[in-house]
Amino acid sequence: MIRVRGLCKNFGAFRALDELNLDVLPGQVLGLLGPNGAGKTTTVRVLTTLLAPDAGEVTVAGHSVMADPDSVRRSIGLSGQYAAVDEKLTGYENLVMVARLYGMNRKTSAARATELLDEFRLSDVAGKRSGAYSGGMRRRLDLAGAMVARPPVVVLDEPTTGLDPRGRLDTWAVISSLVGNGTTVLLTTQYLEEADQLADNIAVIDAGRVIAEGTASELKSRVGSERIDVVLVRQDSVDSAAAILGRIAGAAPEIDRQTSKVSVAAPDGHHMLVRALGDLEIAQLQVVEAALRRPTLDDVFLQLTGQRPKAAAASNTTDVASSGVGQDQEVLLS
Ligand SMILES: Nc1ncnc2c1ncn2[C@@H]1O[C@H](COP(=O)(O)OP(=O)(O)OP(=O)(O)O)[C@@H](O)[C@H]1O
Ligand SMILES: [Mg+2]
């Protein structure tokens with residue numbers, strides 16, 4: 001349903017997309033995972049005909065974005081990075097307006113709006129001004145708007161960035177139900193966990209290129225399912241601690257001398273954490289903080305490329321939800 005070959009896009013001398021290739025089969029979800037400035041929104045804009053590519057071949061539902069943009073637009077629903085809702089209108093009125101813009105008559109528009117409000121769990125607030133909605137409700141209203149014309153392909157640009165955990169879970173549920181209906185989805189995200197939850201396949205992009213791709217479990221098995229972070233009291237005990245953690249994990253730990261932190265993949269989860277703390281205690285290496293956490297996007301990059309993401313540094317965005325923020329799930333032991 002989506003086929004991208006050798007896609008390039010330059011902004012002046014800056015190459016935002018560099019020979020990008022992607023494939024999404026009918027009814028599948030592709031997660032485009034990348035840090036700030038990786039080229040996610042640029043890809044979305046090309047796919048949705050909002051931006052012309054400089055080189056490459058891009059087709060959506062068999063239509064070329066260059067040769068036949070009208071057919072592409074008819075096949076695709078877009079929920080952009082920043083939810084586009086008219087704050088002065090209620091949720092119901094927003095959806096009726098979109099339906100009318102698609103050329104549906106009053107009666108069909110009203111019925112479609114009511115149906116979508118129900119499907120996107122917004123019936124309770126249907127009559128409320130959308131300007132007063134929470135971030136999660138607003139995002140779901142925007143998603144509903146993208147679905148008005150029942151497009152076979154939907155593109156969601158960072159559907160949960162900026163939402164609290166509750167809003168994120170609700171949005172995930174709504175996206176999962178879309179997929180259940182057979183819709184083909186391309187979604188961008190900065191969260192490995194989100195791609196893992198929703199996507200059949202994941203393409204990791206950085207600086208406009210795909211640097212890894214596979215199923216969530218393939219990527220996770222390359223990255224390690226969980227990680228242990230240990231912060232030592234004394235900076236000069238970092239190497240001894242790294243040796244202990246490396247032996248238990250059977251993998252090379254990452255050392256940050258400035259913060260006296262040692263981090264290692266922990267396939268065995270909390271068992272390994274308990275064992276690590278025991279062995280560190282026996283070796284009399286004092287620990288300030290120990291945590292078990294799921295891998296972040298930074299960990300993915302480090303494992304896949306041996307480096308931190310490039311794009312974030314090159315990017316001129318200032319989004320606080322940038323890569324590598326371990327946003328949830330910490331188990332602090334001290
Ligand atoms: N219209 C533009 N003019 C100049 N540079 C641009 C333009 N749009 C994007 N860029 C640059 O292209 C690169 C990719 O941007 P893009 O918005 O696609 O990143 P992204 O992966 O969506 O990032 P984020 O997670 O912050 O949304 C960035 O370095 C950005 O600064
Ligand atoms: Mg973006």
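## About the model

Residues are numbered from 1 along each chain as its sequence is written, while chains are lettered from A and ligands numbered from 1 in the order in which they are written. Because this is a predicted model, local features need pLDDT of at least 70 and side-chain atom pairs count only at pLDDT 80 or more, whereas totals for chains, interfaces and linings use all residues; side-chain values use heavy atoms, with hydrogens and water left out.

## The overall picture

Let us start with the whole protein. Its secondary structure comes to 12 helices and 15 strands. Here helices (H or I, at least four residues) and strands (E, at least two) are DSSP runs, numbered from the N terminus. Taken along the principal axes, the C-alpha atoms fill a box of roughly 75 × 45 × 30 Å.

Of the 334 residues in the protein, 48% are buried. Buried means under 20% relative accessible area, exposed means over 50%, and partly exposed lies in between (1.4 Å probe, protein chains only). The protein exposes about 15,600 Å², and carbon and sulfur atoms supply 50% of that area. Accessible areas come from the Shrake-Rupley method with a 1.4 Å probe; for residues, only the protein chains shown count as cover. A contact means heavy atoms within 4.5 Å. Among contacts between residues at least 6 apart in sequence, 69% join residues at least 24 apart.

## A sheet of four strands

In what order do the 4 strands of the open sheet stand? The order is β2-β1-β4-β5, and the pairing is antiparallel. Two strands pair if DSSP finds at least two bridges between them. At the edges stand β2 (14-24) and β5 (63-64), each of which pairs on one side only. In general, strands of a sheet pair through backbone hydrogen bonds, either parallel or antiparallel.

Look next at β1 and β2, which pair in the antiparallel sense over 7 bridges. Ile2 stands opposite Val24 in β2, and Asn10 has Arg15 in β2 as its bridge partner. The hairpin of β1 and β2 has 2 residues between the strands, and Gly12 takes a positive phi near 60 degrees there.

## Charges and salt bridges

The protein carries 35 positive and 41 negative side chains, and the centres of the two sets lie 5 Å apart. Lys and Arg count as positive and Asp and Glu as negative, while His and the chain ends are not counted. The place of a charge is taken as NZ of Lys, CZ of Arg, CG of Asp or CD of Glu. Side chains of opposite charge can pair when their charged atoms come close. A salt bridge is a side-chain nitrogen of Lys or Arg within 4 Å of a carboxyl oxygen of Asp or Glu, and the count by this rule comes to 18.

One of these joins Arg3 and Glu57, at 3.2 Å from N to O. Arg3 lies in strand β1 (residues 2-11) and Glu57 in strand β4 (residues 55-60), so this pair ties together parts that are 54 residues apart in sequence. Both count as partly exposed: Arg3 at 36% relative accessibility and Glu57 at 47%. Another salt bridge is formed by Glu87 and Arg138, whose closest N and O atoms are 2.6 Å apart. Glu87 sits in the loop between β6 (76-79) and α3 (91-101), and Arg138 in helix α5 (residues 135-147), 51 residues apart. Glu87 is partly exposed at 37%.

Arg140 is in helix α5 and Asp170 in helix α6 (residues 165-180), 30 residues apart. Salt bridges that share partners join Arg121, Arg140, Arg166 and Asp170 into one network.

Thr171 lies in helix α6 and counts as buried at 0% relative accessibility. Leaving aside residues up to four places away in sequence, Thr171 touches Arg139, Arg140, Leu143, Pro159, Thr160 and Leu163.

Thr305 lies in helix α11 (residues 297-305) and is partly exposed, with a relative accessible area of 33%. The C-alpha atoms of Thr305 and Ile211 are separated by 7.9 Å, with the two residues 94 apart along the chain.
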